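Let's take a walk through this structure together, one neighbourhood at a time. Keep the sequence and the 3D view open as you read.

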Amino acid sequence: MTKRRVIGMTVWAVVFAVGTYFIGVPTSDPLIAFGWLWLATIAWRNDRPWREHLRFLRDWLPICVLLAVYNISRGYADNLFEPHVHPLIAADRLLFFGHVPTEWLQQHLYEPGVVQWWEVVVSIVYFSHFLTVPTIAVLLWMRSRPQWARFMRRWFTLCVAGLITYFLYPAAPPWWAAEPEHGSLVQVTRISTNGWDAIGLHGAGNTLNALQVEASNPVAAMPSLHTAFAMMAVAFFLPMVRRRWWPLLLAYPLAMTFTLVYTAEHWVIDVLVGWAYVGLVFIVVGFAERWWRNRLG
């Protein structure tokens, strides 16, 4: 790594850390997330002329706009039908011999008023959802445009499939079902941001909490795109690496699954449906790509 690259990335890391501490984590707004990633590409390739850095805006601005539209429309997805919750509880009880996994995990691992060390890890894993897929996409954009295009087709198709489902089948997460106004159907607490306090990032947790309340659809649990994105990010690379590395890669979506279930963000059935969506998207998009190549001769 050249000296200029080391300096550039060091400056970027410091600015990012300061911004996260005082402003909060770049989460649901794709323009902010990709803004940070654009600055990272400039820092990494600071010896390149500006016209190359501006290509990032040319290639990514349409995608950012589409993702922004997706985020906005996702907030209206609960206006057509009443949210479903009882079938999700029943499904989890059926899968786990009468137990609700979120309740069981919190009964054994969660202590109100105390931040356990694993909750720091859980909060980091939860936050990674907002940057992992965009970061992979940007790295692919720098290294291989054809691979970047393949990745983006799968990512955007997964977003569209999830959004359609949110409109047709609004589903409530465990924390929603635990609220008194919804019948206190389960005894759980939403704790996905607890870990930030233990490492001094109070602003990061507060920002994420506000976004969870104000900028998201509270009944968009089915499918879990958190775990679907994590699985997609791994599944895309599985054919490219030796099988002995597969357990290491698959540890990420499994960690995301534990995080989402433990923190009352999703039911296990949401996760399983999210994985199924990933498989379906890969099959459909792969078929479409082969059909297009054959059509072109």
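**Salt bridges and their surroundings**

Arg154 and Glu289 form a salt bridge, with their closest N and O atoms 2.8 Å apart. This pair ties together distant parts of the chain, since Arg154 sits in helix 7 and Glu289 in helix 13, 135 residues apart. Do bear in mind that this is a predicted model. Arg154 has a relative accessible area of 4%, so it is buried. Glu289 is buried too, because its relative accessibility is 11%.

Glu289 also meets the side chain of Arg153 in a salt bridge, at 2.9 Å from N to O. Again the link runs from helix 7 to helix 13, here across 136 residues. Arg153 has a relative accessible area of 38%, and is therefore partly exposed.

The salt bridges number 5 in total. Another of them joins Asp59 to Arg145, whose closest N and O atoms lie 3.1 Å apart. Here helix 3, which holds Asp59, is linked to helix 7, which holds Arg145, over 86 residues of sequence. Asp59 is buried at 11% relative accessible area, whereas Arg145 is partly exposed at 38%. Arg58 joins Asp59 and Arg145 in a network of salt bridges.

Staying in helix 7, find Trp148. Is Trp148 buried or exposed? Its relative accessible area is 10%, so Trp148 is buried. Among the residues that Trp148 touches beyond its sequence neighbours are Asp59, Trp60 and Ile63, along with Trp141. Asp59, then, is a contact of Trp148 as well as a salt-bridge partner of Arg145.

Now move to His53 in helix 3. With 3% relative accessibility, His53 is buried. The His53 side chain comes to 3.3 Å from the backbone oxygen of Arg45.

Finally, look at helix 12, which covers residues 246-262. Why does a span of 24 Å make sense for helix 12? Its 17 residues should span 24 Å at 1.5 Å a residue, and the end C-alpha atoms are 24 Å apart, so the two agree. Helix 12 has a kink of about 25 degrees at Tyr252, shortly before Pro253. That proline is one of the buried residues of helix 12, and others include Met256, Leu260 and Tyr262. The buried residues pack against helices 5, 6, 11 and 13. Just past the end of helix 12, Ala264 adopts a positive phi of about 70 degrees.

Technical notes
Residues numbered from 1 in each chain as written. Predicted model: local features only at pLDDT ≥ 70, side-chain atom pairs only at ≥ 80, totals over all residues. Heavy atoms only, no water. Helix = DSSP H or I, 4+ residues; strand = E, 2+ residues; numbered from the N terminus. Buried < 20%, exposed > 50% of the residue type's maximum accessible area, 1.4 Å probe, protein only. Contact = heavy atoms within 4.5 Å. Polar contact = N/O pair within 3.5 Å; in protein donor to acceptor, adjacent residues only side chain to side chain. Expected span 1.5 Å × (residues − 1). Bend = angle between axes of the 7 residues up to and from the residue. Salt bridge = Lys/Arg side-chain N within 4 Å of Asp/Glu carboxyl O. Lists of a residue's contacts leave out its neighbours within four places in sequence.
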